[in-house]
Amino acid sequence: MNIRPADFVLEIGSGHNPKARSDVLCDKFIDDDHQRGGGIVADRSMIEADGQHLPFADRSFDYVICSHVLEHVENPKLMISELERVASRGYIEVPSEISERLYGWSYHLWIFNLIDGKLLIQKKVDLNQFGQLFHTLVTQDKNFLHFHKKYHPIFLVHYEWEQKIDCEFRDSNAPALDFNSSEIINRMLMDVQNVPWLEKWRPIIKDLIPRKMVSSLKTMIAKQRRQPSKTLRDIVVCPSCKEEVKWEDKIIYCSHCDTDYPIVGGIPRLILET
């Protein structure tokens, strides 16, 4: 990620493992760990909000990180428009089509590919064909785990954008890539070989360091960084109408919508009622 030293950074879906460089954390499910690998981490400014209805003023951030979130949402087109609204640059990471077809997470709603610099998005339909087979192999077979880590780049889509997210929604459920094409397969394998050595070894290095230690290091780095020039009070707006809000002791109030949003444990809960 090409984050500049002075960038004000938002991370959406930060969950149990936020990036050290993020200044503001945003997660929709603070009290629900069902779709993540641990309890929520709230070691810096944090808001509970839906990425499809972000409670931030236009261009509040220089950079927005959206890692393993877009595949979960009901309306990725709406969320993409929100990412472009609140930041001028950003990074998206999602499982690739290969990963989705192999592992088939039941709570993922969309399939992603990155072809010629464009993010291709398709509705996911009945792709859980192998059930828990490959999830089990990853946890029980060291050889399969080694294969997964060696070819990690083919299981993920990394997309960095500036000003505009170049994307296309396709109605067809047919694979976006022709996996019978030797040209496409050779290009994918070449991409694996060209991954910088640090990125190639990152999954293995991460496994060598206990998760609690990694989390503590990230928290320490985040606290030692300079204090951002903006606070939540400077940038938070109503998630519905995007108008200014009034902060009180235990609520945030939008006079335009005549709606209260609670502040619980110091964290604003700006989720729209359904």
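The model is a predicted one, in which local features need pLDDT of at least 70, side-chain atom pairs count only at pLDDT 80 or more, and totals for chains, interfaces and linings use all residues. Residues are numbered from 1 along each chain as its sequence is written, and side-chain values use heavy atoms, with hydrogens and water left out.

I begin with the aromatic rings. Rings of Phe, Tyr and Trp (for Trp, its six-membered ring) pair if their centres lie within 6.5 Å; planes under 30 degrees apart count as stacked, over 60 as edge-to-face, and the rest as tilted. The count under this rule is 11 aromatic pairs. One of them joins F56 and F61, edge-to-face, with 5.1 Å from centre to centre and 90° between the planes. Both F56 and F61 are buried; here buried means under 20% relative accessible area, exposed means over 50%, and partly exposed lies in between, with a 1.4 Å probe and protein chains only.

A further pair is W110 with F169. Their ring centres are 6.3 Å apart and their planes stand at 90°, so this pair is edge-to-face. Because W110 lies in strand β6 (residues 110-115) and F169 in strand β9 (residues 167-170), the pair ties together parts that are 59 residues apart in sequence. Strands (E, at least two residues) and helices (H or I, at least four) are DSSP runs, numbered from the N terminus. W110 counts as buried because its relative accessibility is 12%, whereas F169, at 27%, counts as partly exposed.

Each of these two rings also carries a lysine. The charged end of K77 sits over the ring of F169, 5.0 Å from its centre, and that of K123 sits over the ring of W110, 4.7 Å from its centre. The criterion is NZ of Lys or CZ of Arg within 6 Å of the ring centre and within 35 degrees of the ring normal.

Elsewhere, Y103, W105, F130, F134, F144, F147, Y151 and F155 form one aromatic cluster.

I turn now to S14, which lies in the loop between β1 (9-12) and β2 (24-27). Its relative accessibility is 4%, so S14 counts as buried. Neighbours within four places in sequence aside, S14 is in contact (heavy atoms within 4.5 Å) with L25, C26, D27 and M46.

Finally, the cysteines. How many disulfides does a search of the whole structure find? The search finds zero, a disulfide being a pair of cysteine sulfur atoms within 2.5 Å. For C66, the nearest cysteine sulfur is that of C26, 9.8 Å away. C66 is buried, with a relative accessible area of 1%, while C167 is partly exposed, at 25%.
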